[in-house]
Amino acid sequence: MKEFNKALGNFINDAAVGGAIRHLADLGYSISQIEAQLNYPISKKKIAEVMWEHFLNTGKISIEEPKPVHEKVSFVKEQDEFGRISFRRVAEQIDNSKRKYVKCDYGVKLYKNTDEFTSWLESLDINDSEYIKLMPWPLTPVYHELDDRMKRIEHK
């Protein structure tokens with residue numbers, strides 16, 4: 001029952017605001033800026049989780065060393081002549097060859113929580129600091145596209 005309630009909650013959140021979060025994240029909005037734009041109550045932590053999944057799916061973040069071609073997976077809803085609904089998996093090949101990535105180990109740094117890392121976080125812009133603190137970084141290094149946000153963060 002617990003798994004069902006969690007799945008139902010995720011479905012409701014995605015239906016209510018998932019598309020808006022993904023769109024605003026693609027435009028470079030911070031987690032707080034996205035929260036301010038939404039008319040649906042959702043935690044910053046949940047916004048960060050949706051952003052994380054979206055960035056993994058689009059290749060902006062990669063758990064493994066990025067390859068020249070990234071496979072973006074989506075599901076298409078289809079309905080047959082009898083009204084039965086099904087979902088079809090669609091894979092799209094995305095050219096990654098022009099993207100530059102930076103290797104990040106923020107999960108380990110957040111876990112260790114050293115004074116030096118805390119001081120560095122405080123030196124960042126508040127939105128960039130929030131991004132580092134709230135995204136669900138794993139305890140292994142990941143690769144993040146070197147976009148404007150990461151350029152600001154990495155050069156601090």
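A charge sits over a ring if NZ of Lys or CZ of Arg is within 6 Å of the ring centre and within 35 degrees of the ring normal. In this predicted model, Lys-60 lies over the face of Phe-55, 5.4 Å from the ring centre. Arg-149 does likewise over Tyr-131, at 4.1 Å from the ring centre.

Local features need pLDDT of at least 70, and side-chain atom pairs count only at pLDDT 80 or more, while totals for chains, interfaces and linings use all residues. Residues are numbered from 1 along each chain as its sequence is written, and side-chain values use heavy atoms, with hydrogens and water left out.

Now the aromatic rings. Rings of Phe, Tyr and Trp (its six-membered ring) pair if their centres lie within 6.5 Å; planes under 30 degrees apart are stacked, over 60 edge-to-face, and the rest tilted. The model has 5 aromatic pairs by this rule. Tyr-131 and Trp-137 have ring centres 6.0 Å apart and planes at 80°, so they are edge-to-face. Both Tyr-131 and Trp-137 are buried (under 20% relative accessible area; exposed is over 50%, partly exposed in between, with a 1.4 Å probe and protein chains only). One aromatic cluster includes Tyr-131, Trp-137 and Trp-52.

Helices (H or I, at least four residues) and strands (E, at least two) are DSSP runs, numbered from the N terminus. After H3 comes Gly-59, with a positive phi near 90°.

Strand E2 (residues 69–79) holds Phe-75. Is Phe-75 buried or exposed? Its relative accessibility is 57%, so Phe-75 counts as exposed.
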